[in-house]
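Please keep the sequence and the model in view while going through the points.

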Amino acid sequence: GIRLVLAGGRARPRLAHLAHFVSSLDPLLPLVLFALAAGYTHATGGGTLAALIWLAASLLTGLIMGLLFYSFARHRHNERELTMMIIAFAVFSGGLASCLGLSSLFTAAVTGAVLTNLVPAAERVFRALAAREKPILVLLLVLTGADWRIGEAAGPETVACLLIVYLAARIAAKTITMALSTGKGSAGFEPGAWRGGLALLGEGGMSVAILANCQILFKPDLSATVVTVGLLAVICMELVSARAARSALFTGNEPEGK
């Protein structure tokens, strides 16, 4: 939704760019919490200390993978070679993380952070990934749906209650955070800028990736309920996110055809 608004050319510039910046950092907290949850329920013995230890192990694994990737990516490669390298390292690091019972998403995020700060042409890696974002998202949806054990999820009433609580908490968190960021003392923002939080409602591919990783790391009776609520939330948010972003960030009527 935010990309469509920025492409329209008539968005409130400061608010739109703030929303775009926040959305880029949005997955960070869920990734850390998910990595902690994986360590807390680890098969070798969970608990708070185990969560911190396995979080450190995830950081170390991601750091090592990032340095290995850097040793190859620092040389000149065409886009096809770079893409194959990304796929190979993603599969290898994901498999390694799964064998250790860790979150492959958090490990991959650390690897990406290492590459961003080490590889001179890191934007080439980003462009190669961005160009293939939609096929990857479709693949994730197929894989998640193929292992969606809806019959093992909690009852309809429980799922409906969890979904309502999640959606309400998400909307409240986005709008309240934006209100605090654009409130008094933040020059350059128009009145009612808190509505910019509505531009952050879209779930994106990271939510689907977390659900797919949840199916791998957690027991079916727990993951089935989480995946059911998560997929329903993704559907609900994607139905309204683009229109909410336009209504929150456009200065006037939408351009025709948008």
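1. Phe 69 and Phe 89 are both buried. In this predicted model, their ring centres lie 4.8 Å apart and their planes meet at 50 degrees, so the pair is classed as tilted. Phe 69 belongs to helix 4 and Phe 89 to helix 5 (residues 79-99), and the pair links parts of the chain that are 20 residues apart.

2. How many aromatic pairs does a search of the whole structure find? The count is 2. Besides the tilted pair, Phe 34 and Phe 218 form an edge-to-face pair, with 5.7 Å from centre to centre and 85 degrees between the planes. Phe 34 sits in helix 3, while Phe 218 sits in the loop between helix 10 and helix 11 (220-249), so this pair ties together parts 184 residues apart in sequence.

3. Are Phe 34 and Phe 218 buried or exposed? Phe 34 has a relative accessible area of 8% and is therefore buried, because the limit for buried is under 20%. Phe 218 is also buried, with a value of 12%.

4. Phe 34 and Phe 218 both belong to the largest nonpolar core, which has 12 residues in all, including Leu 31, Leu 55, Phe 106, Val 110 and Ile 210. Helix 3 (28-40), helix 6 (104-118) and helix 10 (204-217) each give two or more residues to this core, and the largest share, 4 residues, comes from helix 6. A second, separate core of 9 residues includes Leu 167, Leu 198, Val 229 and Ala 244. In soluble globular proteins, nonpolar side chains tend to be buried together.

5. Phe 106 shows how such a residue is surrounded. Neighbours within four places in sequence aside, Phe 106 contacts Leu 31, Val 32, Ala 35, Leu 55, Ser 58 and Leu 59.

6. The surface also deserves attention. Leu 60, Leu 63, Ile 64, Leu 67, Leu 68 and Leu 118 form a nonpolar patch there, with about 500 Å² of accessible area together. Helix 4 (residues 48-73) supplies the largest share of the patch, 5 residues. Leu 60 is located in helix 4 and is partly exposed, at a relative accessible area of 49%.

7. Finally, the chain as a whole. The protein chain has 11 helices and 0 strands. Of its 258 residues, 37% count as buried. The chain exposes about 14800 Å², of which carbon and sulfur atoms supply 69%. Among contacts between residues at least 6 apart in sequence, 77% join residues at least 24 apart.

Terms used. Residues are numbered from 1 along each chain as its sequence is written. This is a predicted model: local features need pLDDT of at least 70, side-chain atom pairs count only at pLDDT 80 or more; totals for chains, interfaces and linings use all residues. Side-chain values use heavy atoms; hydrogens and water are left out. Buried means under 20% relative accessible area, exposed over 50%, partly exposed in between (1.4 Å probe, protein chains only). Contact means heavy atoms within 4.5 Å. Accessible areas come from the Shrake-Rupley method with a 1.4 Å probe; for residues, only the protein chains shown count as cover. Patches are made of residues with over 30% relative accessible area and no salt bridge: like charges are joined within 9 Å, nonpolar side chains (Val, Leu, Ile, Met, Phe, Trp, Tyr) within 5 Å. A salt bridge is a side-chain nitrogen of Lys or Arg within 4 Å of a carboxyl oxygen of Asp or Glu. A nonpolar core is a set of buried Ala, Val, Leu, Ile, Met, Phe, Trp, Tyr and Cys residues joined through side-chain atoms within 4.5 Å. Rings of Phe, Tyr and Trp (its six-membered ring) pair if their centres lie within 6.5 Å; planes under 30 degrees apart count as stacked, over 60 as edge-to-face and the rest as tilted.
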